[in-house]
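Reader: Could you walk me through this structure slowly? I am new to this and would like to ask as we go.

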Amino acid sequence: MKIKVREREGVTILDMSGDITIGKGDVTLRKEISELVHNEKKKVLLNLRKVDFIDSSGIGEIVRSFTTIQKNGGKLKLLHLESRVRDLFTITRLITIFETFENEKDAVDSFKD
Amino acid sequence: MGHSDLSLAQTNAVETFLVELNIPSEMDLVNMVVDLGTSMIGLRGFSDDDVSAVRFAIHETLVNAIKYGNKGKTSARVNIKFYLKGDCFYTDIDDEGKGFDPDTLANPTDPENLLSDHGRGIFLVKSLTEDFSVRKLPDKGVRVTFCRLKRLGNDTDMKHKREV
């Protein structure tokens, strides 16, 4: 799994690609979130458009990222959940916790509220 | 979930053996097994949703067998069997561990567990499959079994199961 980090109007966007699975993507994401917290980034958007497969460890890591950013006074939101990833978030009811967007501009604007 | 999802015709259908493999407990082999299972179900007329559900279920169950069942000891083996019964694609995954009671696992959708960073794997496998069971094997070890019933048309059945 690869993560490309960019900024748009004060929002840190993580463009993720590949699989988020145990021992691979989950570790990469944890390191990246830790770096963001260290740099006091408080508006974080995970772009999952190019995530092909996610397992329960990957889901757990996204939840951990959400709580870590929140504990540090920030917000983490999700962009472009592929339908099968969305299914997993629906079954586990995480869809009720996360703010999700299909449009990047809408997602970025939502941090201005 | 479980047997009640399947008709008697499905559960009594003749078993068509597809393939069986026995691997050491190495995480690097998980993708190979998942690819084999999903290739087989894809070749037998199951939908993309079925393939996706089976991919997730094999991955999760195999990772559990290696990590928790065999506690990561590479010398401990995992046996995987794929077979068809009627319109159900079955997977058996055997490890050398003591097993677990799937009915006593915490529900990850309960409000107090919703923000936990673990505990969703088996719950999701049970949600995406039918006839899920965990049984002790006669000599040693445990067998986890699940099947995916071929969906007709869209994904309505799966959506129904999610609401259960």
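Predicted model: local features only at pLDDT ≥ 70, side-chain atom pairs only at ≥ 80, totals over all residues.

Reader: OK, what is the volume of the largest pocket?

Author: The largest pocket has a volume of about 1100 Å³. A pocket here is an open set of points on a 1 Å grid over the protein atoms alone, where a 1.4 Å probe fits, with protein on both sides within 12 Å along at least five of seven lines, and lining residues have an atom within 4 Å of a point. The volume is the space filled by probe spheres set on the points, which are joined across faces, edges and corners.

Reader: And which residues lie nearest its centre?

Author: The largest pocket is lined by 47 residues, and those nearest its centre are B:N64, B:Y68, B:L105, B:G119 and B:I122. Two or more lining residues come from each of α1 (25-38) and α2 of chain A and from each of α3 (48-69), β3, α4 and β5 of chain B, where helices (H or I, at least four residues) and strands (E, at least two) are DSSP runs numbered from the N terminus. The largest share, 8 residues, is given by α3(B).

Reader: How does the lining of the second largest pocket divide by class?

Author: The lining of the second largest pocket has 10 nonpolar, 1 polar and 8 charged residues; Ala, Val, Leu, Ile, Met, Phe, Trp, Tyr, Cys and Pro count as nonpolar, Asp, Glu, Lys and Arg as charged, and the others, Gly among them, as polar. The second largest pocket has a volume of about 260 Å³, and α3(B) gives the largest share of its lining, 7 residues.

Reader: Changing topic, how many salt bridges are there over all chains?

Author: The count comes to 22 salt bridges over all chains, each being a side-chain nitrogen of Lys or Arg within 4 Å of a carboxyl oxygen of Asp or Glu. One of them joins the side chains of B:E130 and B:R151, with 2.9 Å from N to O. That pair links distant parts of the chain, 21 residues apart, with B:E130 in strand β4 (residues 130-136) of chain B and B:R151 in the loop between β5 (142-149) and α5 (156-163) of chain B.

Reader: Are those two buried or exposed?

Author: Both B:E130 and B:R151 are buried, and buried means under 20% relative accessible area, exposed over 50%, and partly exposed in between, with a 1.4 Å probe and protein chains only.

Reader: What about A:R64 and A:E61, how far apart are they in helix α2?

Author: A:R64 and A:E61 are separated by about one helical turn, because they are 3 residues apart in helix α2 (residues 56-71) of chain A. Their side chains meet in a salt bridge at 3.6 Å, N to O. A:R64 is partly exposed at 30% relative accessible area, whereas A:E61 is buried at 3%.

Reader: Last one, where does B:S116 lie?

Author: B:S116 lies in the loop between β3 (88-95) and α4 (121-128) of chain B, and B:S116 counts as buried because its relative accessibility is 18%. A polar atom of its side chain lies 3.1 Å from the backbone oxygen of B:H118.

Note on methods: Residues numbered from 1 in each chain as written. Chains lettered and ligands numbered in written order. Heavy atoms only, no water. Polar contact = N/O pair within 3.5 Å; in protein donor to acceptor, adjacent residues only side chain to side chain.
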